[in-house]
Amino acid sequence: MLNYGKQHISDNDIAAVVQVLKSPYLTQGPVVPLFEQAICQLTQAQFGIAVNSATSALHIACLSLGLQQGDSVWTSPISFVASANCALYCGASIDFIDIDPQTCNLSIPLLTHKLAQAKKTNCLPKIIIAVHLAGHSCDMQALHQLSKKYHFHIIEDAAHALGGYYRNKPIGNGEFSTISVFSFHPVKSITSGEGGMAVCNDKKLADKMALLRNHGITRDIRLITSQQQNACYYEQLNLGFNYRMSDLHAALGLSQLQQLKHFIKQREKIVAYYNEQLSTLPITLPRNHPDNHSSHHLYIIRLHRQHNQKNIIQQCHAQGIGVNIHYIPIHLQPYYQRLGFKHGDFPNAENYYQKAITLPLYPTLSRDEQDTIINTLKTLLK
Ligand SMILES: *Cc1c(COP(=O)(O)O)cnc(C)c1O
């Protein structure tokens, strides 16, 4: 089966992990900070907090901004459930902003309208989580302007977007947001096995997140409250978690990072070939705004009315082509329905979900494999 995504692990990656295995530290050694620095260098952010997943990063990002019961978070319904779950972990409530049918990211006009309504009823969000679907950045400048007017924080869920650019600056640089979050799950731009990172330019937020990732425990002399410290002394200052990344994972991530540019180049070539070969079919191809230089995490086509998504997916799977859907709208998940969300709440997202199909896209997808996918689609959609 040609999966929709697949990691590529080099001999150098393996050697980097083996080196840690032979070292004194499997976790909390020297490699995690090196990986953090390398991601900061790439994204031009000042501080990086490596954790065991992007989900954990989203959680501590929300907590560091003081999110709690009584607050609300808004995000796009077309994302992985983690983009919304993080609000609920903090006891806050969640709501969604319907997507723009063109970009498939959260709609700025719909958000503008929703904010104006929310201001009247005094229920503005504390945080908006902007998801860069497929690696194509949201309209961050517009979002940033709204955040000034309505006083909310922006977290970029950049799980798809490591190595991408918005207005010629790397995603994660923080010009238009408070915190950005990356994932190193094997289907993403680079992998650490499991892993994630929050980046920001605010030392206080970075310190808070670093504390929350490690049980709320510190050994930092400047933070410790007691006078009677000894060399073994530590204090728990907050209720934190064990969200630490291990040196094994960081070594893989750091080594993978050396190949990120190459990976994205390969993805670009594959996307260009899809765009060329599929242009005559009655489908909507993914379109990238000229402000964006996408990381090309996903290649999502949208079917037109005459084609049945379920049939097409079934036939692709029968022929070994592991197409997928990104995503089932979060508000349609049974858990979210129990929270009160209903079919019809976000019609653009629901319509998108009926039409979207993710084609295989990963750096080692060969031209032959791509031709098989393209020819299958041409037969099915002719
Ligand atoms: C993958 C993903 C996450 C979660 O990442 P993990 O590292 O697996 O926790 C969050 N948001 C989006 C948009 C994702 O695609």
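How far does a polar side-chain atom of His160 lie from an oxygen atom of the ligand? The distance is 2.7 Å.

1. Basis. This is a predicted model, in which local features need pLDDT of at least 70 and side-chain atom pairs count only at pLDDT 80 or more, while totals for chains, interfaces and linings use all residues. Residues are numbered from 1 along each chain as its sequence is written, and side-chain values use heavy atoms, with hydrogens and water left out.

2. Tyr327 has a polar side-chain atom 3.1 Å from a ligand oxygen atom. Of the 380 Å² of accessible area that the ligand has on its own, the protein covers 93% (Shrake-Rupley method, 1.4 Å probe).

3. The shell. There are 15 residues around the ligand, and Thr55, Asp157, His160, Ser183 and Lys188 come nearest (near means that a heavy atom of the residue lies within 4 Å). Helix H3 (54-64) and helix H4 (82-89) each give the shell at least two residues; helices are DSSP runs of H or I with at least four residues, numbered from the N terminus.

4. Surface. Ile9, Ile14, Val18, Leu21 and Leu26 make a nonpolar surface patch of about 400 Å². Ile14 lies in helix H1 (residues 11-21). Ile14 has a relative accessible area of 45%, so it is partly exposed (between 20% and 50%, with a 1.4 Å probe and protein chains only). Patch residues have over 30% relative accessible area and no salt bridge, and nonpolar side chains are joined within 5 Å; a salt bridge is a side-chain nitrogen of Lys or Arg within 4 Å of a carboxyl oxygen of Asp or Glu.

Methods: Patch = residues over 30% accessible without salt bridge, like charges linked within 9 Å, V, L, I, M, F, W, Y side chains within 5 Å. Polar contact = N/O pair within 3.5 Å; in protein donor to acceptor, adjacent residues only side chain to side chain.
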